[in-house]
Amino acid sequence: MKLPFLSLCIFALGIFSLKAQDTYQVPAEPIKALIETTPTPRINIDSKGKNMLVMQTSSYPSIAELAEPELKIAGLRLNPRNNGQSRIGYIKNLIIKDIQTGQERTITGLPNNPLMNGVSWSPDETKISFCVFEETKILLYVADLKTAQARKISDMPLNASLVGNPTGWVSDSKHILFLAVAENRGEVPNANAVPAGAIIQENLGKKSPSRTYQDLLKSPTDEKIFEYYAQSNLYKINIETNQTQKLTEKGLIQGFSTSPDGKYILLQQKHRPYSYLLPFGFFPTKIDILDLQNGNVVKELIDLPLIDNVPTGFDATRQGQRNHTWRNDAPATLFWVEAQDEGNPKKEVPIRDKAFLLNAPFNGQAEEFFATKLRFQGAIWGNNNHAIFSEGWWGTRKEITTHINPSTKKTTVLFDRNSEDTYTAPGSPETSRNQYGRFVLDIKNNKVLMTGEGASAEGDRPFLDEFDLITKKTTRFWRSEGAFYEAIETVLDRDKQIVITSRESVNENANYYIRNIKTKKLQPLTAFPHPYPQMKAVKKELLKYKRADGVELTATLYLPPNYKKENGALPTLMEAYPAEFKSKATAGQVSGSPHRFTYINWGSPVFWALQGYAVMENTAIPIVGEDKKEPNDTYIEQLVAGAKAGIDEGVRLGVVDANRVGVMGHSYGAFMTANLLTHSNLFKAGIARSGAYNRTLTPFGFQAEERTYWQAPETYNKMAPFNYADKIKTPILLIHGEADNNQGTFPMQSERYYNAIKGHGGIARYVVLPYESHGYRAKESILHMLWEMDRWLEKYVKNAGK
């Protein structure tokens with residue numbers, strides 16, 4: 001008998017549970033209240049420790065704000081109305097606080113309800129500059145810290161398309177350089193223009209591997225639109241007289257910086273030919289040195305080609321020059337690095353990189369300054385007698401820090417260590433401003449101050465050390481103690497050992513203090529209120545346990561308010577994000593601190609401690625590959641073993657009900673979640689947000705995997721949960737941002753995975769959040785996401801078996 005057409009439609013809907021777009025939902029009040037909390041202000045302290053900026057940031061935007069026009073082009077996401085980057089956070093209010101007197105003054109002279117970003121101290125730290133974002137333009141403001149008065153410096157609309165902050169101070173603290181929207185740019189090119197022909201890409205035998213990217217150029221019309229929004233002119237303005245001078249013709253200016261003496265500009269511009277497979281950062285780059293007084297080109301340094309032939313691997317780099325910067329301790333000396341192995345980590349050479357210097361007026365030969373056996377990672381300049389260089393190699397996790405005397409070029413290795421070994425991390429040297437207003441090593445009698453997290457078996461214990469660059473002797477001045485996590489923010493007086501710290505505990509949110517290390521006196525600077533009083537009764541504990549193979553693991557356990565063990569085991573939510581290691585010893589090191597305050601963001605699992613769950617956050621899931629073994633070759637086995645060990649520890653403590661455990665993860669954590677549900681019976685349900693599940697769609701590497709699909713097809717296929725969609729029977733909630741542009745995690749990943757599970761009769765729900773990217777921003781989206789998660793956990797975990 002034939003069924004009527006309407007009956008067939010109803011039958012199909014019944015099987016597949018098809019859903020149209022639903023209205024935004026709101027989770028239970030305890031969860032909703034945490035999202036609606038006012039963000040704790042951010043602070044920024046000047047290098048002298050005289051003034052503190054207190055910046056009140058905006059909370060989650062509305063979905064209406066997120067739905068405003070957005071241009072996705074050349075790997076960028078732009079606001080076409082004001083020529084800024086979209087999806088950025090804003091500062092709503094600026095307060096200047098005198099650190100010695102405690103006096104606070106709100107900066108005035110701002111427009112009503114300002115949206116600000118790009119705050120920057122002048123080199124002499126008497127003023128700050130910042131950008132004010134209006135609906136159709138971005139404007140430059142400067143505030144005098146003595147008067148707490150701000151004023152608009154120019155009516156010229158800034159162009160922040162290619163840079164985060166389109167402004168930069170000159171060393172005299174009287175001039176600012178800024179990028180303005182290209183003059184006379186006309187009308188926007190027609191995006192719907194009739195094509196003149198086919199769009200063709202061609203490769204003539206050159207190896208050009210690349211990872212997957214989103215929002216790329218697709219046509220000649222796209223190229224014109226990209227140039228329309230991205231081109232700018234560079235200007236110089238005197239902030240006292242407002243006299244403005246154009247320094248360059250329009251171009252795709254990606255970066256600019258002035259020499260310490262304020263005489264030259266290092267200018268980096270992108271240009272054609274563009275790529276349809278790579279974002280704008282890979283486009284050809286012309287690097288010039290300009291005269292800051294008139295904008296004339298002093299030196300055409302180099303024109304670098306499209307970066308489309310970098311070998312695979314994390315130790316690979318581009319051929320030719322890179323890392324162009326000014327030497328901070330010299331008037332006008334340019335620094336850069338060049339690979340000596342053609343950027344290919346598989347090529348065996350004694351020297352990987354060489355560093356070069358070129359002094360003003362830049363008409364001589366570049367001087368070879370330093371050579372590295374590993375890949376160059378960074379340099380901190382001090383003076384003519386001191387500089388610190390770092391180099392490293394991902395493949396072996398080796399890291400070398402070297403002291404160099406710039407005058408004699410004599411070198412001394414300071415640290416030669418495993419970068420994974422956080423317990424031996426020496427910290428980073430403190431810096432201070434020099435006569436040019438540039439940050440350099442703060443050196444006294446050949447000694448520098450070192451600050452660091454102080455990782456240890458008892459958790460992070462931040463420290464302040466004095467380190468002798470000549471003898472390599474370390475003297476400890478201070479270490480965080482007791483049930484507090486306290487970290488150095490800035491050093492006020494080196495000799496008297498007076499510092500500003502940020503101090504917090506499990507029940508006390510972070511506030512700032514002046515600490516006298518010698519007298520142990522602690523003076524409060526801020527009194528930010530507890531953002532979530534309702535969380536005070538939640539219990540927090542650092543768990544330590546072992547995997548079956550002996551690898552030591554940790555997790556942070558949260559228990560509901562007023563919970564007692566006699567109440568019995570609880571439904572449990574486990575959250576994790578796997579990490580790769582080259583040794584079991586470093587994989588087992590404790591990460592984080594049990595004494596830190598828990599700040600709850602939109603992606604946190606801690607919400608469910610208020611809903612009656614035990615929550616295991618940051619559950620350690622190390623994937624280890626020792627010696628020449630690759631971690632991912634045994635990914636599944638180690639993944640399941642790590643999750644099982646966490647559950648077993650919770651059961652041993654009597655707080656985890658092994659029959660009611662759910663697992664969640666975001667991005668690579670979502671990938672983990674899908675694999676755990678596929679290859680184990682440990683969980684009753686899973687929540688996977690913004691993940692990648694089909695590894696043939698990321699064939700040139702993913703996460704810490706350096707090999708390509710063709711080099712390790714068995715590993716790629718075994719790790720991909722998409723390949724086992726017919727095996728997964730545990731309920732899985734898939735959530736994805738509609739506009740996800742993260743490498744490899746395009747929305748198609750969740751869409752195809754859901755379709756595969758559905759096609760094999762699995763239990764799955766697929767939620768798409770409109771306008772959201774890899775991380776979610778709109779308040780409505782976040783509240784709805786939490787509602788979905790709460791319902792899923794209630795149905796399949798808390799009430800499992802009922």
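Colleague: In the hairpin of β1 and β2, which residue takes a positive phi?

Modeller: This is a predicted model, in which local features need pLDDT of at least 70 and side-chain atom pairs count only at pLDDT 80 or more, while totals for chains, interfaces and linings use all residues. Residues are numbered from 1 along each chain as its sequence is written, and side-chain values use heavy atoms, with hydrogens and water left out. Strands are DSSP runs of E with at least two residues, helices runs of H or I with at least four, both numbered from the N terminus, and two strands pair if DSSP finds at least two bridges between them. Here the hairpin has 5 residues between its strands, and glycine 49 takes a positive phi near 70°. Strands β1 (residues 42-45) and β2 (residues 51-57) run antiparallel, joined by 4 bridges, with isoleucine 43 opposite valine 54 of β2.

Colleague: Where is histidine 760 found, and why does it count as partly exposed?

Modeller: Histidine 760 is in the loop between α9 (748-759) and β48 (764-769), and it counts as partly exposed because its relative accessibility is 46%. Leaving aside residues up to four places away in sequence, histidine 760 touches Ala725, Asp726 and Lys729, a contact being heavy atoms within 4.5 Å.

Note on methods. Buried means under 20% relative accessible area, exposed over 50%, partly exposed in between (1.4 Å probe, protein chains only).
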